[in-house]
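Here is a short tour for someone meeting this structure for the first time. Have a look around before reading on.

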Amino acid sequence: MKLSMRWYGKDDHVKLSQIKQIPGIKGIVSAIYNIPPGEVWPFTEIQALKKEINDHGFNFDTVESVPVHEEIKLGLKTRDRYITNFISNLKNLSRAGIKTVCYNFMPVFDWTRTEIAYNLADGSQTLIYNDEQIKKTDPINEPFTLPGWDASYQQTELKNLLQKYQTLDQEKLWTNLEYFLKAVVPAAEKYDIQLAIHPDDPPWSIFGLPRIITNQSNLRRLINLVPSPSNGLAICTGSLGVNPDNNLIEIIREFGGMNKIFFMHVRNVKKLGPKSFYESAHPNENGSLNIVGIMKALYEVNFTGTLRPDHGRMIWGESGKPGYGLYDRALGASYLLGIWASLSN
Ligand SMILES: [Mn+2]
């Protein structure tokens, strides 16, 4: 396993020189963030990003994420232009030596939380999700005010987009995902890239929008949709793990055993009730997931891909991008490194 950290580029409040001081970090996971979703990332920008990461002594072979344009998820006639652009991105990333590309297929909203600075008893702040609160939010008919959501849409644009999704059910979303994969997977094979789909976070429908990358049988369906060594998974323990029906150790054994896990996000969550949770510190004793068991399962399937601590809390007075502070993710990385060391010695 290649222990890595996510980095948001020059605008990140966390610097590569700081990540360099965290023991055991070998790689950086990043992306080009200043290009609108669906457009082509200029090769020169990818190259410059790679150079900066490499100059700090880190590997850069995993990109998170290349956005999938909404017209692809909606299955509109105009989607082919965006699929062509996605393939151009794979080509450019491959030229720069990228081996793994993460993406997701969540309609409109990426990860969703109801509070981004919930105070825990120890004085730290974390992200929290409460489904009752989500159910009370009506983004079509009321001004939308979910915390932490990047307001890249104007209110009327968002309303129009959500209205387009009103007739799209889960099966139609599967059909659109299949169309997308049938176009991009052969290109990924050609460019020697592993496509890793990130599970939906949280793994259930929100605001009436369909979500399909949610559990073990749907992960199996995804793999069988377009069988290829380039079609696989990013397993995010915190995303899948909030549904008590998802057994992460079984999931890792099944898909890791088939070499279908291309990328790992490891974090813990504390379940507070049905569809309610907060993001806890990484250790087993702080959350509801068996992080030690998860790492052991990865070790047993001989996982060799990129693995990163996922979100962390805000501790020691740090402020910055919610979930992506330096300190708690560094503690998480050390915990994961320690478990791995004990398994391999
Ligand atoms: Mn994740």
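Which residue is the bridge partner of E115 in strand 6? The partner is I128. Before going further, note that this is a predicted model, where local features need pLDDT of at least 70, side-chain atom pairs count only at pLDDT 80 or more, and totals for chains, interfaces and linings use all residues. Residues are numbered from 1 along each chain as its sequence is written.

Strand 5 and strand 6 pair in the antiparallel sense over three bridges (a pair needs at least two DSSP bridges). Both sit in an open sheet of four strands, ordered 5-6-11-10 with antiparallel pairing. Its edge strands, pairing on one side only, are strand 5 and strand 10.

Here is where some of these elements run (strands are DSSP runs of E, at least two residues, and helices are runs of H or I, at least four, numbered from the N terminus):

| Element | Residues |
|---|---|
| Strand 5 | 115–119 |
| Strand 6 | 125–130 |
| Strand 10 | 268–273 |

P107 counts as buried because it has 23 C-beta neighbours inside 10 Å (the cut-off is 20 or more). Its C-alpha atom is 6.6 Å from that of K73, 34 residues away along the chain.

Now for the helices. Helix 10 and helix 11 pack at about 10°, with axes 9 Å apart, so they are roughly parallel (angles under 35 degrees count as such).

Note on methods:
Buried ≥ 20, exposed ≤ 12 C-beta atoms within 10 Å, placed from the backbone. Axes fitted to C-alpha atoms, helices over the stretch in contact; angles between N-to-C directions. Parallel < 35°, antiparallel > 145°, perpendicular 65-115°, else oblique.
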